[in-house]
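Hi,

Here is the structure I promised to pass on. Have a look at it first, and then read my notes below.

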Amino acid sequence: MNLCVFLLCFGAMLPNKEEKKEPVDYVNPFIGTKSMGHTFPGACVPYGAVQLSPDTENVPHNIDGVYQQDAYRYCAGYQYDDPTIVGFSHTHLSGTGHSDLGDILLMPMVGDVKLLPGSAEWPEGGYRSRFSHEEEKASPGYYEVMLQDYGIKVQLTATERVGIHKYTYPEGKREGHVILDLLHGIYNYDGKVLWANLRVENDTLLTGYRVTRGWARTNYTYFAITFSKPIKNYGHENFEKVRYNGFWRRFDEKNNFPEMGGRGIVAFFDFDLQGSPELEVKVALSCVSTEGALKNLQAEVRGRNFEMLAIEAREKWNKSLSVIEAQGDEDQLSMLYTSLYHTMINPSVYMDVDGQYRGVDHMIHQADDFTNYT
């Protein structure tokens, strides 16, 4: 063995010098998710309209209008100490003093379809699932968790107006389901959902909207949802009375409907998994119209898969966080950049890619040379 070959072999055996961390690497989205921190760990981009994150509970308002203390703990929809995840919704508050939003909740599952959320004490009674922090990850623009009851790995990322889900179902399963809950909301109560509409446009596209009241007396959330696999079968139930006060009334149960409306729409969609266990779901939001949601979908995610969009989200955060250069130990830099990260979640963009937005007068306006925020 000559000297050059020996040096190459010896060098390959030595540990690589640690790569220099970027600002985005110091952010820990789990900071603030325990007790009264009021933050969420899910995926978003700086000032994005979509904040795609897990909800671990859905606390209702008391029937008699009495404020429930637990609602204050769920301002952002997620509590670190909770053992189960209800699903993944697309709008969240961060660092606020009250609960709201939690619009357009999706939850993947296998086995028998369940359209109730169930409870943390008895997850089997609904579509929620247990999870462990050992199988959960979060970084700016990315979230991942394993749903233990179903063996489904969930990965989330986002653009400004689109939430992107990637579900990896268990190997060997022939069929998987996705629940779409248009009744779910953070700090839900009877009368929060004023109306919801869902339309199956074709075997890979859904459109719709829901109108809610909370901090805003009337809030419109339009959506367009695409699936990477064709829908095999679908159905829904319309729950007239909000589920959390202990009274149910069910009516208008249909399968393979073209369109539905009501205050308590919960739907399921079946997918054939025999070709691949992976399913990508892209959910675009708009405050203007379903047409606006479709424009946002096309403009922000067309032609790009989950991995590409997750890299783009990380790059956006790293650019925004790089406005500060700092030195310190690991904990100091984590605290600094995580705090800076939290300042860049709100206010969020409140307009479509074409500049249209809904004003406080509920008229549609056109933004010229400015960005409209919440």
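S11 (residues 193–202) and S12 (residues 205–212) run antiparallel and are held together by 8 bridges. The link between the two is a hairpin of 2 residues, and in the pairing Val200 sits across from Leu206 of S12. S11 also has a partner in S16 (residues 259–262), again antiparallel, with 4 bridges; there Arg199 is opposite Glu259. Before you go further, keep in mind that this is a predicted model.

For the overall picture, the chain has 5 helices and 20 strands. Of its 374 residues, 52% are buried. Among contacts with a separation of 6 or more, 66% are between residues 24 or more positions apart.

Next, the strands around S8. S7 (residues 142–147) pairs with S8 in the antiparallel sense through 5 bridges, with Tyr143 facing Leu156 of S8. These two strands make a hairpin with 4 residues between them, where Gly151 has a positive phi near 65 degrees. S8 pairs with S9 (residues 162–168) too, antiparallel and with 6 bridges. Thr157 is the residue opposite Ile164 of S9, and the hairpin of S8 and S9 has 3 residues between the strands.

S10 (residues 175–181) is another mostly covered strand, with 6 of its 7 residues buried. What does S10 pair with? S4 (residues 105–109) is one partner, antiparallel over 5 bridges, and Met109 stands opposite His177 of S10. S17 (residues 265–272) is another, joined to S10 by 7 bridges and also antiparallel. In that pairing Glu175 lies across from Asp272.

On to the helices. H4 runs over residues 306–321, and its 16 residues should span 22 Å at 1.5 Å a residue; the end C-alpha atoms are 23 Å apart, so the two agree. Its buried residues are Phe306, Leu309, Ala310, Ala313, Trp317, Asn318 and Leu321. As a reminder, an α-helix has 3.6 residues a turn, so residues three or four places apart point the same way. What do the buried residues of H4 pack against? The list is S7, S8, S9, S18, H3 and H5 (330–343), so that the three strands S7, S8 and S9 described above turn up again here.Thr290 belongs to helix H3 (residues 290–301). Is Thr290 buried or exposed? Its relative accessible area is 19%, under the 20% cut-off, and Thr290 therefore counts as buried. Leaving aside residues up to four places away in sequence, Thr290 touches Thr207, Gly208, Tyr222 and Phe223.

Then there is the largest pocket, with a volume of about 950 Å³. It is lined by 40 residues, and those nearest its centre are Leu101, Ala216, Asn219, Tyr350 and Thr374. By type, the lining of the largest pocket splits into 14 nonpolar, 18 polar and 8 charged residues. Strands S13 (219–227), S18 (278–286) and S19 (356–358) each contribute at least two residues to that lining. S13 gives the most, with 3 residues.

Finally, some backbone geometry to check by eye. Most residues other than glycine have a negative phi, and most peptide bonds are trans. Here are the exceptions I noted:

- The peptide bond from Asn346 to Pro347 is cis, with omega near 0 degrees. Pro347 is in the loop between H5 and S19.
- Ser35 is not a glycine, yet has a positive phi of about 60 degrees. Ser35 is found in the loop between H1 (3–13) and S1 (53–55), and is partly exposed at 41% relative accessible area.
- Asp369, also not a glycine, has a positive phi of about 65 degrees. Asp369 comes in the segment after S20 (364–366) and counts as exposed, with 86% relative accessibility.

Cheers

Note on methods
Residues are numbered from 1 along each chain as its sequence is written. This is a predicted model: local features need pLDDT of at least 70, side-chain atom pairs count only at pLDDT 80 or more; totals for chains, interfaces and linings use all residues. Side-chain values use heavy atoms; hydrogens and water are left out. On a 1 Å grid over the protein atoms alone, a cavity is a set of points where a 1.4 Å probe fits but cannot get out, and a pocket is an open set with protein on both sides within 12 Å along at least five of seven lines; lining residues have an atom within 4 Å of a point. Grid points are joined across faces, edges and corners, and a volume is the space filled by probe spheres set on the points. Ala, Val, Leu, Ile, Met, Phe, Trp, Tyr, Cys and Pro count as nonpolar, Asp, Glu, Lys and Arg as charged, and the others, Gly among them, as polar. Two strands pair if DSSP finds at least two bridges between them. Buried means under 20% relative accessible area, exposed over 50%, partly exposed in between (1.4 Å probe, protein chains only). Contact means heavy atoms within 4.5 Å. The expected span of a helix is 1.5 Å times one less than its number of residues.
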